[in-house]
Amino acid sequence: MKNLRKCAVLFLLPLHILLILMFVFGEPADYIYSIAALGVLLADFALSFLQMEIFTSRRNSIRNVMHDFRAYILEKLAVIAADWIIILLMTQGDILRSEYKYCVAGVLVTAAAILSAVVTFVTAAARTMLYHDEKR
């Protein structure tokens, strides 16, 4: 379980790909896409908190959080890059002249990943500071 925790965010890649495909090939006003987007966002938060061990670790130094966050953010960037590569392949490399839904799908997936990364970092830093203050 410990090894799976180190790369939990990478499990989001299939969900991101499914979300992109649902948005591109689905109906524009489809409620299923909205539910799937919310599900991917919630899964992103859950896996991010699991990987960074937000609720279980007892770190007392922000350096430890930064060390763990560096690996986490690199994995997040790899997922975002993979999403954009898939979108570029679907549009034959010309995303600006293709349909708007390719851009929207890419922006939504990227925004969800960035939002979860920011919330994860702020939560981990706050928890570390609270534990550090509690320990004194």
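**Figure 1. Helix 3 and helix 4 in contact.** The axes of helix 3 and helix 4 come within 11 Å and cross at roughly 150 degrees, where axes are lines fitted to C-alpha atoms, for helices over the stretch in contact, and angles run from 0 to 180 degrees between N-to-C directions. Helix 3 and helix 4 are therefore roughly antiparallel to each other, on a scale that counts angles under 35 degrees as roughly parallel, over 145 as roughly antiparallel, 65 to 115 as roughly perpendicular and the rest as oblique. The crossing of this pair, helix 3 with helix 4, is right-handed; a crossing is left-handed if the near helix is turned anticlockwise from the far one by less than a right angle, and right-handed if clockwise. Asp44, Ser48 and Gln51 of helix 3 meet Tyr72, Glu75 and Lys76 of helix 4, contact meaning heavy atoms within 4.5 Å. By class, the contact of helix 3 with helix 4 has 1 nonpolar, 2 polar and 3 charged residues, with Ala, Val, Leu, Ile, Met, Phe, Trp, Tyr, Cys and Pro counted as nonpolar, Asp, Glu, Lys and Arg as charged, and the others, Gly among them, as polar. The model is predicted, so that local features need pLDDT of at least 70 and side-chain atom pairs count only at pLDDT 80 or more, whereas totals for chains, interfaces and linings use all residues. Residues are numbered from 1 along each chain as its sequence is written, and side-chain values use heavy atoms, with hydrogens and water left out.

**Figure 2. The protein chain as a whole.** The secondary structure of the protein chain comes to 5 helices and 0 strands, which follow the pattern α-α-α-α-α when read along the sequence; helices (H or I, at least four residues) and strands (E, at least two) are DSSP runs, numbered from the N terminus. Of the 136 residues of the protein chain, 36% count as buried, where buried means under 20% relative accessible area, exposed over 50%, and partly exposed in between (1.4 Å probe, protein chains only). Among contacts in the protein chain between residues at least 6 apart in sequence, 77% join residues at least 24 apart.

**Figure 3. Helix 2 against helix 3.** Helix 2 and helix 3 (residues 31-51) pack with their axes 10 Å apart, at an angle of about 165 degrees. Helix 2 and helix 3 are therefore roughly antiparallel to each other, and their crossing is left-handed. On the side of helix 2 the contact is made by Leu12, Leu15, His16, Leu19, Met22 and Phe23, and on the side of helix 3 by Ile32, Tyr33, Ala36, Ala37, Val40, Ala43, Asp44 and Leu47. These residues of the contact of helix 2 with helix 3 divide into 12 nonpolar, 1 polar and 1 charged. Leu47, which lies in helix 3, is in contact with Ala8, Val9, Phe11 and Leu12 when its neighbours within four places in sequence are left aside. The C-alpha atoms of Leu47 and Leu10, 37 residues apart along the chain, are separated by 9.1 Å.

**Figure 4. Helix 2 against helix 4.** The axes of helix 2 (residues 12-25) and helix 4 (residues 62-90) come within 10 Å and cross at roughly 30 degrees. Helix 2 and helix 4 are therefore roughly parallel to each other, and helix 2 passes helix 4 in a right-handed crossing. Residues of helix 2, including Leu13, Ile17, Ile20 and Val24, meet residues of helix 4, including Val79, Ala82, Ile86 and Met90. By class, this contact of helix 2 with helix 4 has 12 nonpolar, 1 polar and 2 charged residues.

Figure 5. Ser116 has its place in helix 5 (residues 100-135) and is buried, with a relative accessible area of 0%. The side chain of Ser116 reaches the backbone oxygen of Ala113 at 3.0 Å. Leaving aside neighbours within four places in sequence, Ser116 is in contact with Asp44, Phe45, Ser48, Tyr72 and Lys76. Thr120, also placed in helix 5, counts as buried at 0% relative accessibility and touches Ser48, Phe49, Met52, Ile54 and Tyr72, not counting residues up to four places away in sequence.

**Figure 6. Ala125 and its surroundings.** Ala125 of helix 5 counts as buried at 15% relative accessibility. Not counting residues up to four places away in sequence, Ala125 touches Ile62 and Val65, while Ala125 and Arg59, 66 residues apart in sequence, are 9.5 Å apart in space, C-alpha to C-alpha.

Note on methods: Polar contact = N/O pair within 3.5 Å; in protein donor to acceptor, adjacent residues only side chain to side chain.
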